[in-house]
Amino acid sequence: MTTARSAPISSRKQPKQERAQQLVEAVLDAAIQVLMKEGAQRFTTARVAERAGVSVGSLYQYFPNKAAILFRLQSDEWQRTSALLRSILEDSAAPPPARLRRLVHAFIQSECEEAAVRTALSDAAPLYRDAPEAVEAKGESAGIFRAFLLEALPGVEEARRTLAGDLIKTTLSEVGSSFSETPREEAEIVAYSEAVADMLCAYMERLAEGL
């Protein structure tokens, strides 16, 4: 199996013309379909090209291998997550606890809506997770969280803020993944999100009070 350590995962070139952009979008849409139907182990560039209705040669103009396609899908997901974090955690008009509560609701809702794709990408992660591009992409979200916690907990020592950030991110990731494994009704999502938000906001309040 080709891994991210021995093969490039960045796109060969960026599409500039509308026709080229449409081809890339078709490839990415097809990749999601193949990934969900066949799984990471049976995911190949040939299957993606066939599903997209393009030649393998055309696909290779933009993606050098299957790892590059999968990384692009995951990178797009990370960018959406970063945008979500920025839109909520950098909203200075709302107090930090309200922002954290909104984030919990939005994150768990997103996990439930995209559970199948997230699971498939998680299975494919060994292809690219150790690549420098992956580390850089994850670092952006971490920076947004650090800035939020510095604003929310200015009087708390850095080590405790770091621990708080790790705990909140791990909790969201784990409970979101576990909860979304089963199809959920909207009322279930709201109730679960509110319970998780209550827990995390109470934790933040105790830290802010120095307890």
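**Exercise 1. Helix H9**

Determine how the end-to-end reach of helix H9 in this predicted model compares with the expected span, and which of its residues are buried.

*Solution.* Step 1: H9 covers residues 186-208, a run of 23 residues. Step 3: the buried positions in H9 are Ile189, Ser193, Val196, Ala197, Leu200, Cys201, Met204 and Leu207. Step 4: just after the helix, Gly210 adopts a positive phi of about 80 degrees.

**Exercise 2. H5 against H9**

Describe how H5 and H9 cross, and identify the residues that make the contact.

*Solution.* Step 1: the two axes come within 9 Å, crossing at roughly 145 degrees. Step 2: the crossing of H5 past H9 is right-handed. Step 3: on the H5 side the contact involves Pro97, Leu100, Arg101, Val104, His105, Ile108, Gln109 and Cys112. Step 4: H9 contributes residues including Ile189, Ser193, Val196, Ala197, Leu200, Cys201 and Met204; each of these is also buried.

**Exercise 3. H4 against H5**

Classify the relative direction of H4 and H5.

*Solution.* Step 1: the axes of H4 and H5 (residues 96-113) come within 9 Å and cross at roughly 150 degrees. Step 2: angles over 145 degrees count as roughly antiparallel, and H4 and H5 are therefore roughly antiparallel to each other. Step 3: H4 passes H5 in a right-handed manner. Step 4: Leu84, Leu85, Ser87, Ile88 and Leu89 of H4 meet Arg99, Arg102, Leu103, Ala106 and Phe107 of H5.

**Exercise 4. Trp78**

Is Trp78 buried or exposed, and which residues does Trp78 touch?

*Solution.* Step 1: Trp78 belongs to helix H4. Step 2: its relative accessibility is 16%, and buried means under 20%, so Trp78 counts as buried. Step 3: leaving aside residues up to four places away in sequence, Trp78 touches Phe71, Tyr128, Ala134, Ala137, Lys138 and Ser141. Step 4: Ala137 is 59 residues from Trp78 along the chain, yet their C-alpha atoms are separated by 6.8 Å.

How values were computed
Residues numbered from 1 in each chain as written. Predicted model: local features only at pLDDT ≥ 70, side-chain atom pairs only at ≥ 80, totals over all residues. Heavy atoms only, no water. Helix = DSSP H or I, 4+ residues; strand = E, 2+ residues; numbered from the N terminus. Expected span 1.5 Å × (residues − 1). Buried < 20%, exposed > 50% of the residue type's maximum accessible area, 1.4 Å probe, protein only. Axes fitted to C-alpha atoms, helices over the stretch in contact; angles between N-to-C directions. Parallel < 35°, antiparallel > 145°, perpendicular 65-115°, else oblique. Left-handed = near helix turned anticlockwise from the far one by under 90°. Contact = heavy atoms within 4.5 Å.
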